[in-house]
Amino acid sequence: MQALSRWLARYFSDPQILVLVSVLVVLFAVLLFFGQMLTPVLASIVIAYLLEGLVGLLERWHWPRWLAVFLVFTLFMLFVLSMLFGVLPSVSRQIRDLLQQLPSMLAHGQQVLMQLPERYPDLITSAQIAELIGSIRSDIAGLGQQLLSLSLSSVVGVITLLVYLILMPLLVFFFLKDKVLILDWFGRWLPRHRAIASDVWKKVDRQISNYIRGKVWEILIVGAVSFATFSLFGLNYALLLAVLVGLSVIIPFIGASLVTIPVVLIAWFQWGWGPTFIWLTVAYIIIQGLDGNVLVPLLFSEVVDLHPVAIIVAILVFGGIWGFWGVFFAIPLATLVQAILSALPQHIDSERAKETERGSTAIEGESSGV
């Protein structure tokens, strides 16, 4: 009990630390209980935060803020419209075509699987193959039911999408335009003495901004290179697979492994064990290697390195709490935790050093007075 008391006295005796912890607890509770309700607002904050880098760059080039906001917001809306009316229809069409071809692919795969007991009787039996085929069929049936329920609720989904398409651009615009006013309003509710919170925020802001912008660029670059490669080889569903490959970089380690399965399977169903299949697989491996060994160090050179175990734990924890956004922000949130844990001892040590220095100065003053 005494050890716990000493630990609490060491880390929570400073009012600034209590303020920081209280603010974090309140924010976590709001996100946990009202996160789904506030999804448009939270997504708009993320987008505005992402675009603020371009606005700040134009401001450093002596652009008026209103003009910088107008230009950046216009480019953002053009990008969104190009995605909605250019990429999204093609992706949805390829998904529909893939679902139509799925029964023939499964039949072909079943024929190949039934030949395995004849070729490798010591490794696999016909009963195991039958059980595997039954499991695959049940999974496909479950997927079909999910798609059917999704289509039945499409009216609600369309209405929600329309609300988001109208509401989110307005929120993004006002978050960019009135950034100073919004921050000043929030600042009124915080204590004046918040040096440790400001120090933590500066570190986290640098890390999160670099991570988010780097991750967006990584998604675009990897997706574009994958699409060019798949199209060059003539792979079916090239755009759909390129989108999956691009989005897979959101989940480190795991995403690349998962997205490899559909890429390899579709290539195998299209070409079989031929030279085209081999060369496409080699090209895909090269893309993944360049992403992990060249692009990631280049884009994330200023981001704090986290141990792979910490990254995986953060993905599991925050993804389980907030779903997609939790997965996307798993590393920034882990960085936030790391920044707080590293800032607290530094702040405490600096305060103790100041107290020691003030005590030494007082003693010297008394000695000189004597």
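One cavity of 30 Å³ or more is what the structure holds. Keep in mind that this is a predicted model. The volume of the largest cavity is about 30 Å³. Which residues line the largest cavity? They are Val 263, Val 264, Ala 267, Leu 280, Thr 281 and Tyr 284. Two elements each give two or more residues to that lining: α10 and α11, the latter spanning 275–299. By class, the lining has 5 nonpolar residues, 1 polar residue and no charged ones.

Now the pocket. I'm showing the second largest pocket, with about 2200 Å³ of space. Its lining counts 49 residues. Nearest the centre of the pocket lie Phe 76, Phe 79, Val 80, Met 83 and Val 216. Which elements give two or more residues to this lining? The list is α3 (39–60), α4 (65–119), α6 (154–177), α8 (195–233), α9 and α12 (308–328). The largest share comes from α3, with 13 residues.

On to packing. Start with α9, residues 238–248, and α10, residues 254–271. Their axes are 9 Å apart, and the packing angle is about 165°. Angles over 145 degrees count as roughly antiparallel, and α9 and α10 are therefore roughly antiparallel to each other. What is the hand of the crossing of α9 and α10? The crossing is left-handed. On the α9 side, the contact uses Leu 241, Leu 244, Val 245 and Ser 248. On the α10 side, the partners are Gly 255, Ala 256, Val 259, Pro 262, Val 263 and Ile 266. That contact divides into 8 nonpolar and 2 polar residues, with no charged ones. Note Val 263: it sits in this contact, and Val 263 also lines the largest cavity.

Next, α4 against α9. The two axes come within 8 Å and cross at roughly 110°. From α4 come Val 87, Ser 90, Val 91, Gln 94, Ile 95 and Leu 98. They meet Ala 238, Leu 239, Leu 240 and Val 243 in α9. Here the classes are 8 nonpolar, 2 polar and no charged.

Last pair: α4 and α10. Their axes are 11 Å apart, at an angle of about 75°. Therefore α4 and α10 are roughly perpendicular to each other. Which residues of α4 meet α10? Leu 98, Met 105, His 108, Gly 109 and Val 112 do. Across from them in α10 are Ile 266, Trp 268 and Phe 269. This contact has 6 nonpolar residues, 2 polar residues and no charged ones.

Two residues tie the pairs together. Leu 98 in α4 meets α9, and Leu 98 is also in the contact with α10. Ile 266 in α10 takes part in the contact with α9 and in the contact with α4.

That's my tour.

Technical notes:
Residues numbered from 1 in each chain as written. Predicted model: local features only at pLDDT ≥ 70, side-chain atom pairs only at ≥ 80, totals over all residues. Heavy atoms only, no water. Axes fitted to C-alpha atoms, helices over the stretch in contact; angles between N-to-C directions. Helix = DSSP H or I, 4+ residues; strand = E, 2+ residues; numbered from the N terminus. Parallel < 35°, antiparallel > 145°, perpendicular 65-115°, else oblique. Left-handed = near helix turned anticlockwise from the far one by under 90°. Contact = heavy atoms within 4.5 Å. Nonpolar A, V, L, I, M, F, W, Y, C, P; charged D, E, K, R; others polar. 1 Å grid on protein atoms, 1.4 Å probe; cavity = no way out; pocket = protein on both sides within 12 Å on 5 of 7 lines; lining within 4 Å. Points joined across faces, edges and corners; volume = space filled by probe spheres on them.
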